[in-house]
Amino acid sequence: EAPNYSWVEIDPNFGGSGTRIQLGNDDIKVRTLPFTFRYYGRDYTRISICSNGYLTMDSAWLADPYNWHIPSVMGPNGLVAIFWDDFRPDTLSASGVYYYNDVSNHRFIIQWSRVHHVHGFLTPIIAELQTFQAILYDPAYYPTRTGDGEILFQYFEVVNDDSATVFPPNAHNYATTGIENY
């Protein structure tokens, strides 16, 4: 099994029909899912969407910009790290973070649209724009062997250039992508 890349633009600034989530720096907001989503054998009806490129199942308060290895006791529980790093969806020319309930295709889409990547932690530098998304498929319409919901990560434009050679000694020098159970 392998997914096919097919970008679904949901940012209204670029022709989509998504709803903006008002996220500030290092912020997280809870949204109700339009269907019950099974993740590692547990059913969820809510997710928390973080400005820093990840979501978690159910409600969470941690909006950590400093990504860790997976699994990690330092990060949030029920983690879905699409591109976990430090992002600013609320500054300069950033478009923002959006969600969209695609009723006809039975999927829920979350998009970080043209959000600024932040380099460094000693002296943060607002840098290039990044665009990526996660698509949660309704398990009732997209069944799997385990009953868990499918998640698709898509990357429209990303540059993981937060390196120690470009921004020393101010760099994180890593980003995280992947999933972690509760």
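Predicted model: local features only at pLDDT ≥ 70, side-chain atom pairs only at ≥ 80, totals over all residues.
Visitor: Over how many bridges do strand 8 and strand 9 pair?
Guide: Strand 9 spans residues 125–137 and runs antiparallel to strand 8, and one of the bridges joins His-116 to Leu-129. The hairpin of these strands has five residues between them, among them Gly-120 with a positive phi near 85°. The number of bridges between strand 8 and strand 9 is 10.

Visitor: Which residue takes a positive phi in the hairpin of strand 7 and strand 8?
Guide: Strand 7, residues 96–102, pairs with strand 8 in the antiparallel sense over seven bridges, and Asn-101 has Phe-108 as its bridge partner in strand 8. Four residues lie between the two strands of this hairpin, and the residue that takes a positive phi, near 55°, is His-106.

Visitor: Why is strand 8 described as largely enclosed by the rest of the structure?
Guide: A residue counts as buried when its relative accessible area is under 20%. Strand 8 covers residues 107–119, and it is largely enclosed because the buried residues number 13 of the 13.

Visitor: With the side chain of which residue does the side chain of His-119 make a polar contact?
Guide: His-119 belongs to strand 8, and its relative accessibility of 1% means that His-119 counts as buried. At 3.1 Å, its side chain makes a polar contact with the side chain of Glu-128.

Notes: Residues numbered from 1 in each chain as written. Heavy atoms only, no water. Buried < 20%, exposed > 50% of the residue type's maximum accessible area, 1.4 Å probe, protein only. Pairing = 2+ DSSP bridges. Polar contact = N/O pair within 3.5 Å; in protein donor to acceptor, adjacent residues only side chain to side chain.
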